[in-house]
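Hello,

Here is the structure I promised to pass on. My notes follow below it.

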Amino acid sequence: MENITFFHMNEKDFSNKIYKELYTKRIDLFDLRETYIMCHLDVLEEISKRLPVHRKDCLYYLGNGNYHYLTLVLLKRMSEPFTLVTFDHHNDAGDFPFPDTISCGSWIQTAIETLPLMKRVIVIGADRENGKKTEKQTFNKLFFANPIDHSTKSIQKISSFIQTKNIYISIDRDYLSEEVVQTNWDQGNNQLSDLLFAVELLAQNHKLVGADVCGDIVWDYQTLNQFTMQATLQQSIEVNRKIFETLSSLL
């Protein structure tokens, strides 16, 4: 598949080999320390510098959901007003007590505070509460859609809240049901066909200028005892392929 960039965050993570047929460029970041779940803003700036300035791929695979904060690096590259639409079972707009650090659960909050071109964030699949405190001053830019019935009428209603021509879509695979794909987090109950339908309909009404996907499974003692690796990996490959194909056709 063309124009898909893979962020290789962990040297021990062999997902770069699993998905080698699904991306065209890999950016190795595993030499950077203290990037799992949370990341200091100085390190985030270093990650930003490693993105090739001459090449701006529109679709990125971030790997595990604990690196969802990497979306912020990609959003900083936007040059026109846009709306962020994220499909996620969790509210990643939580407050974080360390001002110089970003986390996978707070990156949307940081994005709202630092990206004037991002006019609104629409979170599909998570509640405002979701076990996290969100700063009240960001409420006017945050819209939560959960649950949705994935009907044309429902998606069009969400689309009506988008006031910009451009949209950026970020997908965490934990939005999907455990029957569809496995992650390391608790998951929603949504089907892949519903997700792809929503993405396609939103892109019909707006210009999709960028997208990323995360939510890969980390293989550790718990997951090795919980899942059958071969079947889980094959399922993951097929889900990623379908998501990438849909996004690539729209970008």
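Which exposed residues does the face of helix 5 turned away from its buried side carry? They are Lys 153, Lys 157 and Ser 160. Buried means under 20% relative accessible area, exposed over 50%, and partly exposed in between, with a 1.4 Å probe and protein chains only. Helices (H or I, at least four residues) and strands (E, at least two) are DSSP runs, numbered from the N terminus.

Before you read on: this is a predicted model, where local features need pLDDT of at least 70, side-chain atom pairs count only at pLDDT 80 or more, and totals for chains, interfaces and linings use all residues. Residues are numbered from 1 along each chain as its sequence is written, and side-chain values use heavy atoms, with hydrogens and water left out.

Back to helix 5, residues 152-160. Ser 154, Ile 155, Ile 158 and Ser 159 are buried there. These residues lie on the same side of helix 5 because they cover an arc of only 140° around the axis. The arc is taken from the directions from the helix axis to the C-beta atoms. The buried residues of helix 5 pack against strand 7 (118-124), strand 8 (142-145) and helix 6 (192-205). Contact here means heavy atoms within 4.5 Å.

Next, strand 1, residues 4-8. Five of its five residues are buried. Ile 4, Phe 6 and His 8 point one way, while Thr 5 and Phe 7 point the other way. In a regular strand, side chains alternate between the two faces of the sheet.

Strand 1 has parallel partners. Three bridges join strand 1 to strand 4 (residues 59-64), with Thr 5 opposite Tyr 60. Four bridges join strand 1 to strand 2 (residues 25-28), where Phe 6 has Arg 26 as its bridge partner. Strands pair if DSSP finds at least two bridges between them.

Now the cores. A nonpolar core is a set of buried Ala, Val, Leu, Ile, Met, Phe, Trp, Tyr and Cys residues joined through side-chain atoms within 4.5 Å. The largest has 44 residues, and Phe 87 is one of those that touch the most other members. Helix 6 gives the largest share of this core, eight residues. Apart from it lies another core of 37 residues, including Ile 27 and Val 121.

Ile 27 sits in strand 2. Ile 27 counts as buried because its relative accessibility is 8%. Leaving out residues up to four places away in sequence, Ile 27 touches Thr 5, Phe 6, Phe 7, His 8, Leu 51 and Pro 52.

Best wishes
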